[in-house]
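Here are a few friendly notes to read alongside the model. Take them one at a time, and find each residue on screen as you go.

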Amino acid sequence: MIRQKTILLMSLSAMALALLAGCNNNRDANTQNGTSTAAAQSAIAKSYICPMHPHYISTDEDGSCPICRMDLVPVASAQAPTGKGEILYYKNPMGQPDTSPVPKKDSMGMDYIAVYANEVPGGVAVSPEMIQTMGIKTAPARLSRFGGNIRVYGQIEANPRLETVSASRLEGWIENLTVRAIGDAVKRGGLLYRIYSPDLIGAQKEYLAALTIGNATRIAAVRQRLKSKGLQESSIVRLTQTQELIERIPVYAESAGIVSMLHVREGDYIKPGASVMRLQSYDIVWVIAAVPETDLRNVSTGMPVKLHFESTSDAPITGIIDYIYPTIDAKTRTADVRVEVKNKSGALRPGAYADIIIERGDMDQARLSVLTQAVLRDSQGAHVVVALGEGRFESRPIEIGEVSSGRTEVIAGLMLGEMIVSSGQFLLDSETNLREGFSKLTSSQAGFDAATPLSELPVDAAVLGRIDHIVDASLYLHEALINGYPIDPSFLDPIIEIADGLEAEFSGSTLTPIVTAAKKAIVSAKDSRSGPALAANLAQLNSALYPWLTWGAPSHYQSKGLVFYSDPGTERRWIQQGGPAANPFGGDDGDE
């Protein structure tokens, strides 16, 4: 016979009403005549519960809890109205930038948390006079279209494909250098300099001797030797025709361009391989546009662009994107996009700025957006300051998308029509962060000690949701053992990170040893993965969680349908969420 024990017997209000009804023997009369709100509150106030074990209810005003001997407290004090006001919206339980106007659950089944008008977390209240002094202005979050054109700025750069290097193949002294400074223009075939090379004079004499003899094989071999030493074809033709030594060998430009670097001067001695000068042609230049990473997904090669150059009007006004660079600048968060532009007139000069409009075509469907100037950014990401009305403001994280025409797309975190602060938001955001920091500091300074019961710890819905993930780990290990498959260790990594955060946040409290022991079991489970070792980890995890599930938030886990079992032979515990008992430790019965 399988026996089980639910974490809580029934909800508090249901038990209180049932006891009162049993004591007064007037259930039928109440059903027939109804009960006013005031009467119900008065009746509930006659019931008393244990602060440590809220499932124990008594009508004895002077009674004490039979489990921990603590004095009982009235039920009404625990169920007094909160006075939080109307619900503004529902926020993600894990702090993600996502809100909803209606109740819903996240991807892990956790309920979204209601945000009330009178208890806005992290918000500030500002008087009308201060709002006017700070120059606070608001604008609604509205739908905008983000198609059309993308305007970016760029810079003209030289085309490295049109750069040539003039390097010496001869050894000797430079004479009659015709290029004297950077910026000098050089024409193809134009004389660059002459060089006196004793080594090449000897080779010329050998060539002339071969011509005199008339040995074709010898002539071809010596001619090839002259080429390898760097004598240009025009000089070899001249030598063949005149059969006179050329003492000062002329060197002609093999391509046209502007001298961008000059490494020699008149009379310099150079050796083979030495760089003499660099020539850059500007007939075709590159315009490098810096496109923000948020717009990069809408840009592709082959897209037409419109160009405008402040430095000249005598330049092409259109171009085509021919390359998108594969990296993003870590400082500017932009990617380089290249446009190749013809520059026959030479009016486009490297370093000049360019105004570029990338033509995307038709406008796409409308999307939620806010003014770009309203978006603030910090190490946590993008956020805005939301005006809640009556002088109240809240800093809220958002997920942003495309930016265009002074507006920024909002993917998550806001709802249509919410008023967003577009001017003065920096002061409000600073005030919000300051108050939030003081709040956390005050909470930290309040501290915890081992005497603070689990049920009295300041655990809100967000913290409870994080602890639920640790409980989910127990359910996951149980399912893996029952179904006979190895766990995926990567599934446990986020839970370990959550445990690290809870340890720091509740340092010194009665929750800390529970989280530490649970985390240790989860870390060990990553290595065990399956079999008896994983079963031992599950037992350790449930042993750690037992105090929290029993005394920390029992009503919460009762609503989730969680049930504790224990193996009769080993006394090892496991948790199930509904269904017949399934012993992961190999026994037949579960007992608790």
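1. In which helix is the place of Ser-474? Ser-474 sits in helix α10. Keep in mind throughout that this is a predicted model.

2. Is Ser-474 buried or exposed? Its relative accessibility is 0%, and buried means under 20%, so Ser-474 counts as buried. Setting aside neighbours within four places in sequence, Ser-474 is in contact with Leu-538, Leu-541, Asn-542, Leu-545 and Ile-575.

3. Now move to helix α11, which runs over residues 493-505. With 13 residues at 1.5 Å a residue, α11 should span 18 Å. The count to multiply by is one less than the number of residues, because that is how the expected span is defined.

4. Which residues of α11 are buried? They are Ile-495, Ile-496, Ile-498, Ala-499, Leu-502 and Glu-503. These residues cover an arc of only 155° around the axis, so they lie on the same side of α11. On the face turned away from that buried side, you will find the exposed residues Glu-497 and Ala-504.

5. What do the buried residues of α11 pack against? Their partners are α10 (461-483) and α12 (512-528). For the contact between α10 and α11, look in α10 for Val-463, Arg-466, Ile-467, His-469, Ile-470 and Ala-473. These meet Ile-495, Ile-498, Ala-499, Gly-501, Leu-502 and Glu-505 in α11.

6. How are α10 and α11 arranged as a pair? They pack at an angle of about 135°, and their axes are 10 Å apart. Angles over 145 degrees would count as roughly antiparallel and those from 65 to 115 as roughly perpendicular, so α10 and α11 are oblique to each other. Their crossing is left-handed.

7. Finally, visit Glu-244, in the loop between α8 (233-242) and β16 (248-252). Its relative accessibility is 55%, and exposed means over 50%, so Glu-244 counts as exposed. Beyond neighbours within four places in sequence, Glu-244 is in contact with Leu-208 and Leu-239. Glu-244 and Gln-204 are 40 residues apart in sequence, while their C-alpha atoms are 8.8 Å apart in space.

Definitions and conventions: Residues are numbered from 1 along each chain as its sequence is written. This is a predicted model: local features need pLDDT of at least 70, side-chain atom pairs count only at pLDDT 80 or more; totals for chains, interfaces and linings use all residues. Side-chain values use heavy atoms; hydrogens and water are left out. Helices (H or I, at least four residues) and strands (E, at least two) are DSSP runs, numbered from the N terminus. Buried means under 20% relative accessible area, exposed over 50%, partly exposed in between (1.4 Å probe, protein chains only). The arc is that of the directions from the helix axis to the C-beta atoms. Contact means heavy atoms within 4.5 Å. Axes are lines fitted to C-alpha atoms, for helices over the stretch in contact, and angles run from 0 to 180 degrees between N-to-C directions. Angles under 35 degrees count as roughly parallel, over 145 as roughly antiparallel, 65 to 115 as roughly perpendicular and the rest as oblique. A crossing is left-handed if the near helix is turned anticlockwise from the far one by less than a right angle, and right-handed if clockwise.
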